[in-house]
Number of protein chains: 2
Amino acid sequence: MQNKKDINESGQERLMRCGIRPSVQRLAIMNYLMENRIHPTVDQIFSDLYPTMPTLSRTTVYNTLKLLVDSGAAIILTIDEKNTRFDAEIKPHTHFMCNQCGSVTDLNINPPILKGNYIDDCEILNSELYVYGYCPECKKKRN
Amino acid sequence: MQNKKDINESGQERLMRCGIRPSVQRLAIMNYLMENRIHPTVDQIFSDLYPTMPTLSRTTVYNTLKLLVDSGAAIILTIDEKNTRFDAEIKPHTHFMCNQCGSVTDLNINPPILKGNYIDDCEILNSELYVYGYCPECKKKRN
DNA sequence: TTGTATTTTTGTAATGATTTCAAATATGTA
DNA sequence: TACATATTTGAAATCATTACAAAAATACAA
């Protein structure tokens, strides 16, 4: 369950809380991630922001995403073999990718919470549960 | 738990069972994967086999791994953001990557078995649980 | 066995994502 | 305003992966 603070937190607030100076570009990218929970690739972010920010550089998108991830304002998903994807939802949850259309969505299933534990003497910091298959739309089309 | 058949299965048998003609190169790569359960990258495989197979081409390693994965003789791991990794252990199990040294190992924890289920109307074919943190060796060094 | 068709391997070139880097721009502060 | 610092930018470099066509190996029929 999300608490009110998380739900209401603005992009600006998220950046501040994570110690990131909210430049125009950073705020645009942070807001994009928080408002478009499609786990976008770098190119999706760039292409969607470019029309309203024609001076935006791909390098800035890369730089900013690195900054967001390093400071805990976003997480990186390796669910997609082809492209790195990003998510502003930083609380543990499960991700699903459709083998047909490639869309990545949240799955309503709780991942095991392993953080803080030791397993096989490994110190666990975080974990990701990735699920693959066919999304409802593609499932229909295949029949 | 592994059954005898899995334990005893040779590279040759694995290839045959999966309908792959066992050429010299394919057999070398299959055996390497089955004998070195380090979840190697393409380059690790190539570098380790090259000394004893000086005519081996990187492209062959790529081609063969694609073939192995497509026919179910191996699985692909996206746990490592930098490089694709491969595993000859095809039964569901959990993987761990060390944030410090980058090594990938099996973790003695059962992943949720979701295959065959529908969640949020998604048809589940397979899933991967990836765990990150510090391996025992790096944990020691950090103290 | 020989010749021919098919499969597999190989090396090079192309592609695509990401990083590096140094100059240009913007911002914060005295 | 003037200067120092932080940020953005675009071009070039890097690195993993794929495409491709020629060469080599193998299968198979005569």
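Me: Contact means heavy atoms within 4.5 Å; with that in hand, which residues does B:I75 touch, not counting residues up to four places away in sequence?
Reply: Happy to start there, and note that this is a predicted model. B:I75 sits in strand β1 of chain B, which covers residues 75-77. Leaving out residues up to four places away in sequence, the residues that B:I75 touches are B:V69, B:R85, B:F86, B:D87, B:E89, B:I90, B:H95 and B:E128.

Me: How far apart in space are A:L27 and A:E13, C-alpha to C-alpha?
Reply: A:L27 lies in helix α3 of chain A, residues 24-35. Beyond residues up to four places away in sequence, A:L27 touches A:G11, A:Q12 and A:L15. A:E13 is 14 residues from A:L27 in sequence, and the C-alpha to C-alpha distance is 9.8 Å.

Me: How many helices and strands does chain A have?
Reply: Let's read the chain from its N terminus: the elements run α-α-α-α-α-β-β-β-β-β-β-α. The C-alpha trace of chain A spans about 45 × 40 × 30 Å along its principal axes. Counted by type, chain A has 6 helices and 6 strands.

Me: Now for the interface: which three residues supply more of the area that chain B buries against chain A than any other three?
Reply: The contact takes 32 residues from chain B and 32 residues from chain A. Together the two chains bury about 2800 Å², with 64% of it on carbon and sulfur atoms. Of the area that chain B buries against chain A, 17% is supplied by B:T78, B:E123 and B:Y132.

Me: Which side chain of chain A meets B:E123 in a salt bridge?
Reply: Across the interface of chain B and chain A, the rule finds 2 salt bridges. In one of them, at 3.1 Å from N to O, the side chain of B:E123 meets that of A:K139.

Me: Which element gives the largest share of the side of chain B that touches chain A?
Reply: There are 15 residue pairs in polar contact between chain B and chain A. On the chain B side, the elements giving two or more residues are β4 (104-107), β5 (118-119), β6 (122-134) and α6 (136-141). With 13 residues, the largest share comes from β6(B).

Me: By class, how many residues on the side of chain B that touches chain A are nonpolar?
Reply: That side of chain B also holds 6 polar and 7 charged residues. The number of nonpolar residues there is 19.

Me: What is the bridge partner of A:L129 in β6(B)?
Reply: Strand β6 of chain A, residues 122-134, and β6(B) run antiparallel and are joined by 11 bridges. In that pairing, the partner of A:L129 is B:L129.

Me: Which residue of chain B has the C-alpha nearest the axis?
Reply: Two copies of a chain are related by a rotation about an axis and a shift along it. Here, a rotation of 180° with 0.0 Å of shift superposes chain B on chain A, with an RMSD of 0.1 Å. That relation is the one of a two-fold axis. At 2.3 Å from this axis, the nearest C-alpha in chain B is that of B:L129.

Conventions: Residues are numbered from 1 along each chain as its sequence is written. Chains are lettered from A and ligands numbered from 1 in the order in which they are written. This is a predicted model: local features need pLDDT of at least 70, side-chain atom pairs count only at pLDDT 80 or more; totals for chains, interfaces and linings use all residues. Side-chain values use heavy atoms; hydrogens and water are left out. Contact means heavy atoms within 4.5 Å. Buried area is the accessible area (1.4 Å probe) that two parts lose on being put together, summed over both. A salt bridge is a side-chain nitrogen of Lys or Arg within 4 Å of a carboxyl oxygen of Asp or Glu. A polar contact is a pair of N or O atoms within 3.5 Å; within protein, one must be able to donate a hydrogen and the other to accept it, and residues adjacent in sequence count only if both atoms are side-chain atoms. Helices (H or I, at least four residues) and strands (E, at least two) are DSSP runs, numbered from the N terminus. Ala, Val, Leu, Ile, Met, Phe, Trp, Tyr, Cys and Pro count as nonpolar, Asp, Glu, Lys and Arg as charged, and the others, Gly among them, as polar. Two strands pair if DSSP finds at least two bridges between them. Copies are superposed by least squares on the C-alpha atoms of residues with pLDDT of at least 70 in both.
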